[in-house]
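Visitor: Hi, I'm new to this one and would like a slow walk through it. Could you put it up on the screen for us?

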Amino acid sequence: MCLFADLVRCETRLYNALNDRLRERHGIVTWQFEFLRFLRDRPGSRVADLSAEFAIGIGATSKGIDRLEKKAWVIRRTNLSELRSALERGQIGLPTG
């Protein structure tokens, strides 16, 4: 049981360190980075796709995309064949460090 607790604490510290570094260097936080990675790997995804992947509500996902869109990290495009919005990464590249 002690090993499990140690692993959880270690994971939390790493996650928090990554979060701090992303915020300092790129002005985003970890969940935003995860959204961007998902969109990089799955071009044309929809809010519903992100919602399903991360097991969060559509409303929360859409608000998260709104925040990324304001920073030009994500662009919403309408898929005319389906009349649904697809998401693309914006002009700014995905953080690499």
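Visitor: Let me start with a residue I picked: which helix is G59 found in?

Guide: G59 is found in helix α4, which covers residues 58-70, and please keep in mind as we go on that what you see is a predicted model.

Visitor: Is G59 buried, exposed or partly exposed?

Guide: G59 is partly exposed, since its relative accessible area is 44%, and a residue counts as buried under 20% and as exposed over 50%.

Visitor: And how far is G59 from V47 in space?

Guide: From C-alpha to C-alpha the two are 9.1 Å apart, while in sequence G59 and V47 are separated by twelve residues.

Visitor: What about T61, buried or exposed?

Guide: T61, which also lies in helix α4, is buried, with a relative accessible area of 0%.

Visitor: Which backbone oxygen lies 2.8 Å from a polar atom of the T61 side chain?

Guide: That is the backbone oxygen of G57.

Visitor: Why would residues three or four places apart point the same way?

Guide: An α-helix has 3.6 residues a turn, and therefore residues with that spacing point the same way.

Visitor: What follows α3?

Guide: After α3 comes A55, and its phi is positive, near 55°.

Visitor: Zooming out, how many helices and strands are there?

Guide: The protein chain has four helices and two strands, and from the N terminus on they are arranged as α-α-α-α-β-β. The chain has 97 residues, of which 27% count as buried.

Visitor: New topic: which residues form a nonpolar patch on the surface?

Guide: M1, F4 and V8 form that patch, and together they have about 380 Å² of accessible area. One of them, V8, is found in helix α1, residues 2-26, and V8 is partly exposed at a relative accessible area of 34%.

Note on methods
Residues numbered from 1 in each chain as written. Predicted model: local features only at pLDDT ≥ 70, side-chain atom pairs only at ≥ 80, totals over all residues. Heavy atoms only, no water. Patch = residues over 30% accessible without salt bridge, like charges linked within 9 Å, V, L, I, M, F, W, Y side chains within 5 Å. Areas by Shrake-Rupley, 256 points an atom, 1.4 Å probe, with all protein chains shown as cover. Salt bridge = Lys/Arg side-chain N within 4 Å of Asp/Glu carboxyl O. Buried < 20%, exposed > 50% of the residue type's maximum accessible area, 1.4 Å probe, protein only. Polar contact = N/O pair within 3.5 Å; in protein donor to acceptor, adjacent residues only side chain to side chain.
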